[in-house]
Amino acid sequence: MHFNSSTWDTEVTVNSGDITPVDIAVLADGADDIKISVNDFIIKAAAVTLKQMPDVNSTWSNEGPHQLSSIDISVAVATDRGLVTPIVRDAATKGIEEISTVVKTLAKKAKAGKLLPEEYQGGSFSISNLGMFGISGFSAVINPPQACILAIGQSRHDLTISEDDKGNHKLCRKDMMTVTLSSDGRVVNDELASQFLESFKLNLENPKLLAVL
């Protein structure tokens, strides 16, 4: 954990390998024509966690913190003109397949420079995923007046020792990734940030929980 000025950086390691083809099929509700990505699960897991912890779904202004009723997640997209953050509106109410469709549509419009102002202005929480560029872990810059941004690193293979039902230990490989939450300490302090990441980790490592909301 690192504190810089009013910003807290808190990180956790998440097992992304727990997202199986069966989970994708269940949460996609039989939509075979939609290609679901791990990033779609990350967006959904963040939205579910924000629903569970509404204090994190807040912004900061001169009047202080303001909790938002709608969970609108800004997703960073790299374009020739720089980084833009189109928004998945009401992300907590959307299924995984709808999130996937919306993200693909917004990313395509962003890269073509055709986003409408209402498609990138606002948002209550941001996600930046640089894993596809080989970045193992990083801290992202908060997009004011939002209070938080979640930075996703590259999935990697880690060797760990696990125990089976009979108590035997064995070496196994897991797909792990580093997730860092940068938060405005005036709104989300270190304790709340740690609780958020703990819940996010639980939700992402147990994808069936994402179908509840």
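**Note on the predicted model**

1. Proline 145 is found in the loop between β9 and β10; helices (H or I, at least four residues) and strands (E, at least two) are DSSP runs numbered from the N terminus. A cis peptide bond, with omega about 5°, links proline 144 to proline 145.

2. This is a predicted model, in which local features need pLDDT of at least 70 and side-chain atom pairs count only at pLDDT 80 or more, while totals for chains, interfaces and linings use all residues. Residues are numbered from 1 along each chain as its sequence is written, and side-chain values use heavy atoms, with hydrogens and water left out.

3. The chain contains four helices and 12 strands. Of its 213 residues, 45% count as buried, where buried means under 20% relative accessible area, exposed over 50%, and partly exposed in between (1.4 Å probe, protein chains only). Among contacts (heavy atoms within 4.5 Å) with a separation of 6 or more, 63% are between residues 24 or more positions apart.

4. Phenylalanine 125 belongs to strand β9 and is buried, at 0% relative accessibility. Its C-alpha atom is separated by 6.1 Å from that of isoleucine 149, which is 24 residues away along the chain. Beyond neighbours within four places in sequence, the contacts of phenylalanine 125 include Ala46, Leu50, Val56, Cys148, Leu181 and Phe196.

5. Helix α4 (residues 190-205) has 16 residues and spans 22 Å from its first C-alpha to its last. This is close to the 22 Å expected at 1.5 Å a residue, the expected span being 1.5 Å times one less than the number of residues. The buried residues of α4 include Leu192, Phe196, Leu197, Phe200 and Leu204. Among the elements covering the buried residues of α4 are β2 (7-15), α2, β9, β10 (148-152) and β12 (169-184).

6. The largest pocket holds about 610 Å³ of space. On a 1 Å grid over the protein atoms alone, a pocket is an open set of points where a 1.4 Å probe fits, with protein on both sides within 12 Å along at least five of seven lines; lining residues have an atom within 4 Å of a point. Grid points are joined across faces, edges and corners, and a volume is the space filled by probe spheres set on the points.

7. Of the 27 residues lining the largest pocket, Asn39, Ala76, Val103, Asn129 and Met132 lie nearest its centre. At least two lining residues come from each of α2 (38-52), β6 (77-79), α3 (96-111) and β9 (125-129), and α3 gives the largest share, five residues. The lining comprises 14 nonpolar, 10 polar and three charged residues; here Ala, Val, Leu, Ile, Met, Phe, Trp, Tyr, Cys and Pro count as nonpolar, Asp, Glu, Lys and Arg as charged, and the others, Gly among them, as polar.

8. The second largest pocket has a volume of about 150 Å³. Its lining includes Ser6, Trp60, Pro144, Pro145, Asp184 and Arg186, and by class it has six nonpolar, three polar and two charged residues.

9. Aspartate 90, in the loop between β8 (87-88) and α3, has a positive phi near 50° although it is a residue other than glycine. Aspartate 90 is partly exposed, at 38% relative accessible area.

10. With a disulfide taken as a pair of cysteine sulfur atoms within 2.5 Å, the count is zero. Cysteine 148 is buried at 0% relative accessibility, and cysteine 172 is buried at 18%.
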